[in-house]
Structures are given as C-alpha cells and as structure tokens.
Amino acid sequence: MGGILLPDLGTEILIPLCAVVGILFSLFQWYIVSQVKLSPDSGRTNNNNNKNGGVVENLIEEEEGLNDHSVVTKCAEIQTAISEGATSFLYTEYQYVAIFMIPFAVIIFLFLGSVEGFSTSSQECTYDNTRRCKPALFTAIFSTVAFVLGAVTSLASGFLGMKIATYANARTTLEARKGVGKAFIVAFRSGAVMGFLLAANGLLVLYITILLFKLYYGDDWEGLFEAITGYGLGGSAMALFGRVGGGIYTKAADVGADLVGKVERNIPEDDPRNPAVIADNVGDNVGDIAGMGSDLFGSYAESSCAALVVASISSFGINHEFTAMLYPLLISSIGILVCLLTTLFATDFFEVKAVKEIEPALKKQLIISTAIMTVAVAVVSWVALPSSFTIFDFGSQKEVKNWQLFLCVAVGLWAGLIIGFVTEYYTSNAYGPVQDVADSCRTGAATNVIFGLALGYKSVIIPIFAIAVSIFVSFSFAAMYGIAVAALGMLSTIATGLAIDAYGPISDNAGGIAEMAGMSHRIRERTDALDAAGNTTAAIGKGFAIGSAALVSLALFGAFVSRASITTVDVLTPKVFIGLLVGAMLPYWFSAMTMKSVGSAALKMVEEVRRQFNEIPGLMEGTAKPDYATCVKISTDASIKEMVPPGALVMLTPLIVGTLFGVETLSGVLAGSLVSGVQIAISASNTGGARDNAKKYIEAGTSEHARQLGPKGSDAHKAAVIGDTVGDPLKDTSGPSLNILIKLMAVESLVFAPFFATHGGLLFKYL
C-alpha cells in the first residue's frame, strides 16, 4: 500500500482553514450587500465618497424614480415588517421544536445506555472481538451530545439564512432601479452569504466535535464515529420541522393571496391591498430559506456521518490513518474553495446585463463548480488516500484503489449536475414541457392540472437512472463507502447550490416589495425576470437535495444493516416484505398529512381575505389598509399546529418498528420508503415548479405564444393561477419534506441500531 502524501498536521490545518475562509468570504459578501443603503440620507453621504462608482452607489441617482426618497422609506418599512414576521414565526417554531428536542435527547440516552444495562465497563468491539471498546453508556452520552449539537447547528443555519434573506430583499428591489444586472448581483451575493456560512459552519462544528470526542475515545474510532452519527440525526430532525412548518406557513399564505387576489379580485400579485401579502412574503423566508437551509445542512451532516461510520471499520479506522479517515471532510473543505472561485465568475468576472443572461449565468455556476470540483477531488484523492486500502463490505474487507474512490465521488458529482439540468428542462419556461402546461390553460384549470401531473411523472425517469448508475458504479468500486462519498460528491458544491437556491426567494421578495412600494411597471418586470429564473434554480436545488438524499439514505441503510448484524435483507422473508410494503406506503401517508395541512390552513386564509375585502370599506379602492397581522397569525398558528403529526410519524416509525418488530422488518421499512419516497419527491417538486413557471410564462408575455394566452387576468391566466396554487404545496411542502423523511428514518435507525439489535423485535420474541 502506497503512503499518504498529506500529513496529519496538514489535515488538521486544512479543514478548519477552509471553513474559516468560507466564513470570511460570506462576511465579505455581506459587507458588499450592506453598502446598498435603505436610508436616503445614508445614500447621499455615500455618494459623496464614491463619485467614481465603487462598491457603494447612491440609490437616489437611479434610472427609475429619480430622487424619490419615499420609495426608499417604503421599501425599508416593508422589509422591516417581513423580517419581524419571519423572526417571530421562527422563534415560536423553535420553542415548540425545543419541547420535542429535549425529550428525544433523553430517549437517545436511555435507549443506547440500556444496551449494556448502563454498565461503565468496557465492552467487546462490534466488528473486532479481539479488542475492547468504550462502554455503551458513554456512547449514549456522546450520541446525545452530538444530537443536540446537530440540532442547534441546523436551527442556526435556518435562522441565519432567514436573516440574510430578509436583509437583502429590499436592497435587491432598490438596485433593480439601476437595471436587472445590479439587482441580480445583490440577490446572488446574498445567496452566497447563506451558502458559504452554512457550508463552513456545518464543516467546522463537525470537525471540532470529532476532535473533542477523540479526547475521550482515543484509539476507539469505531465508538467515536458511531457516537458522531447523532450529529446527523439532530440536523435532519430539525430540518423536518423547519421544512414542514415553513412549507405549511408559506403555502397557506400563497394560496390564500392568489385565489382571492388574482382570481376573484383580479388584482396584481403582491398588491398591498391584499391582506395576505405580508404573510406570503414572510413565508418565502421561513419556508424556502430557513427550511431549505436546515434541509441541506442535514444532508451534508448525514452523508459525512455515513461515510465516517463505514470508514471507521475499514482499514482507515483499523490502522488509525487520520488523514484518510477524514477524506469526507477534506472533500467538503476543498468544495468551499472551489465554490468561492466559482462565485467570482458570477459576481466579478462576468456581468449580467440583460434578462436573457440571468438563467445562463446561474447554470454556468453549476457547470463551472462541477468541472473544477472534479479536478480538486482527483488531487485530494491522490494526496489524502493510500494507493490501496480496504473498505468494510458486509462482514468482509474489500480492496479498493484511490482512483476508484475518486470515481465514486466524481460519479455522484456529475449525477447531481445531470439531475439539475433535467430538472431545469422540466421546470423552466424556456423549454417545451412548461410551455405545454401553459398552452393547456386555454381549456381551463383542469387540463393544466392534468398536464402538470404528467410532466411531474415523466420528469422522474432520467434522475432515477442517474441515481441508479451512481449507486451501481459506487457500490461496485467501494461498497457502501463508495455510495456515501458519491452523496458527498453531489453535495460537495453545496455553497454554490445554496447560493443559487437562496437567490430565488430573495428575488421573489424583491418583486413583492416593488409592488407594495408602488414602484414602476419596469421595476416589477425586472424583479419578475429574476424571480422566474429563481423558480427554476429552486427546482434544481430541490433536485440536488432529493438525489443526494437517495444516496445518503442508502449509505445510512448499509451502515444500519452492518451495525445491526444483519447478513442479508431477503425480501421473500415475511418480516422484511411486510416492512417493504409499509415503508413504501409511508411517503403517501406523510404527503397526505402535509397536503391536507396546507389545504386546511389555506381554507382559513381564503375566508379571512374574503372577509376583509367584503367588510373593510375602501380596501379595494386603496383608501383603507388591510389587517395584515390577522393573516400572519393564521399562517403561524396553522403551521405550528399542523407540523407536529407529520413530524411524529417520521420520528416514531423507526422506534416503534425496531422495538416491536425487529431490525429485519425495519430494514424493509427503510428500503420501501427510500424507493417510493424518491420518486414521489421528484415528481411533486417538478410538477409544482412547472405550474408556477407556466403562470409566469403567461404573465411575462415575452413570446407570441405567451401573448396569445395572456394578458394577466385572462381566462388562461386565471387557469394557470389555479394550477399554480394546486402545485404550490407539492413543490414547497410535500416534495422537499419527503427527502428528509427518507434520510431521517435511515439515520435514526442507525443511531438506535445497537438497541434494536439487542432488545428489538419484542412481538416476534413472544409470538
């Protein structure tokens, strides 16, 4: 076996250094965004100091609305209302989540501590009975600590993302007065702040946790990385509540605002007369930003944990090769530097000057980051891995070469790009599928719904093949470890992916603020162009999240099967087959709960918006102000109440199945939920995204075909709005939440595997 070129000291410096560089870069981007002032006085002062066009530019000397100080003031007021609403909701949500987090942490400690009867004596190692490992009681303690750390980091990721987005939305609106290029840069830089902050924080917290746990575990790397899996569990558990709660909030407000405002009252989107408009814009930040941030953090944490667990029982862990052991973290570290370079292409090297350049600029981010990352992974694989090593493969050790592991990461990386482009094809209004959905609106909303469903089903085909090829290649080369690093490959450019993803809701909010502030039609056209591109990139981000979730879940499933000492998972065994059926049903049950929750909340919202239009004199004429607070309260109350049952379903299923029916049935449940959950998630996300952009295609009227279907307020446009409202909960609530379902059940099963293997299957023991 060839030696490792990168010394352990180099690894100890490189990982935290890359994380710190990521944090500093995000702060630099935030500083540049902060130079766009929301105060007329500040703008005038800055102009005196920057007459030659530095990064600070006076907002009052713009192309649209010269010297209109009132616009700046209005934008600042609206931004404050959105920020306060989002902050208030997240504080309320996190209080409820904390009530869940504390008892669940106790359950982790009690279940894992009872494996050896809360003994403080060392135990025989699971995978090497010639060695002694640390007591199960201490693994329970450290797993609980890791769970809490993962949960807090996940919540912080979501909260920081929301704060950044609400800070940037009005600034994007104001920059749109200078041109679409200026607005694009502000929105993208703001997305980059979130992307780099989340990626760097997630990496840094995980690395520091490993170092601190190592002080106790010493050479017991098997126990160390088994305890670290709690970090992934905490991250995903919080992401579930963030995605479901935020998704219900945003879609209840969106559906209520659109159905009454656009369809019944024929007023523009985000019109300040609409009582649900503030709740709708708040929802973009708590659902699409905070929920998404927690979600992708959870994916990163779980893929890292899955790879580390398998590596700890391979030659890396057995021989205590620190650099090779932390290969997954090195991939993520280099990914931050690659994404930093990629971001400069959008912000500094090339300038967006026209609407038609927005979407290509975002697509180039994906292509450039993937190409550079492929080279970077090759270098990391060469310097951080021995030329030959062994990987744990269900009881045996499989010999692997370093170039094979590089190919595993690369196949995941490029599969992610393929999924992204296929998603773009099916959700962008520049291509035939979305235009067909728009065209179907000529005959009403029913045909829009039918075409949208068909598009969603069809969009599953190529991503599933891409995932299948990734799994086959990765497993053939490096068993379950190969699949885990393929998932990490897909997530290695997470900073760029998050920047692109966060850009969408920021642009959406910018359009809403422009409408509410009474800015000109040209400004709204610019923000709508940004938003349309953002819808597509958001769909691409969801595609990445779902694809990586499939690989992560399979890697976690493999680690669970190994830890639970299952030699084979035979689907012809009744115990496994019944689990397979139940697992395949769970995504449908979960989707039914989330869809109904959105429907119930939207029903209340529609009734309230109608009531205000009917009962408040002068509201339609614009002489009276609506009661925004009541609509915000409806969304908040509904989402907090309705997020609990779906969350309980996902969190309790592995505990109940593992305890009562045993590890074999649980393995069937995990496999079933993975297979059906991925397909439903892709279909739901793309169906909703396509319907949304079909509506925007008609509204923009940029082609002869679109102008024939429009304008706004036409029958075809109203049909598109109805189709969009049907698709909203699919793309922003059920679809994105499903990838958390399959990941969370898998990582929870892995964390509790020692308990299930020792005490599980109570029903079968006594039947």
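Guide: In this predicted model, α17 gives the most to the lining of the largest cavity, contributing six residues. That lining divides by class into 20 charged, six polar and four nonpolar residues. The volume of the largest cavity is about 340 Å³. Its lining comprises 30 residues, and those closest to the centre of the cavity are Asp 288, Asp 508, Asn 535, Lys 731 and Asp 732. Two or more lining residues come from each of the elements α6 (221–264), α7 (277–312), α16 (494–516), α17 (521–563), α21 (663–700) and α23 (715–751).

The second largest cavity holds about 130 Å³ of space. It is lined by 14 residues, of which Leu 296, Thr 493, Ile 494, Gly 497 and Phe 544 are the closest to its centre. The elements that supply two or more residues to this lining are α15 (461–491), α16 and α17. Here, too, α17 gives the most, with five residues. By class, the lining of the second largest cavity has nine nonpolar, four polar and one charged residues, whereas 20 charged residues and four nonpolar ones belong to the lining of the largest cavity.

Key
Residues numbered from 1 in each chain as written. Predicted model: local features only at pLDDT ≥ 70, side-chain atom pairs only at ≥ 80, totals over all residues. Heavy atoms only, no water. 1 Å grid on protein atoms, 1.4 Å probe; cavity = no way out; pocket = protein on both sides within 12 Å on 5 of 7 lines; lining within 4 Å. Points joined across faces, edges and corners; volume = space filled by probe spheres on them. Helix = DSSP H or I, 4+ residues; strand = E, 2+ residues; numbered from the N terminus. Nonpolar A, V, L, I, M, F, W, Y, C, P; charged D, E, K, R; others polar.
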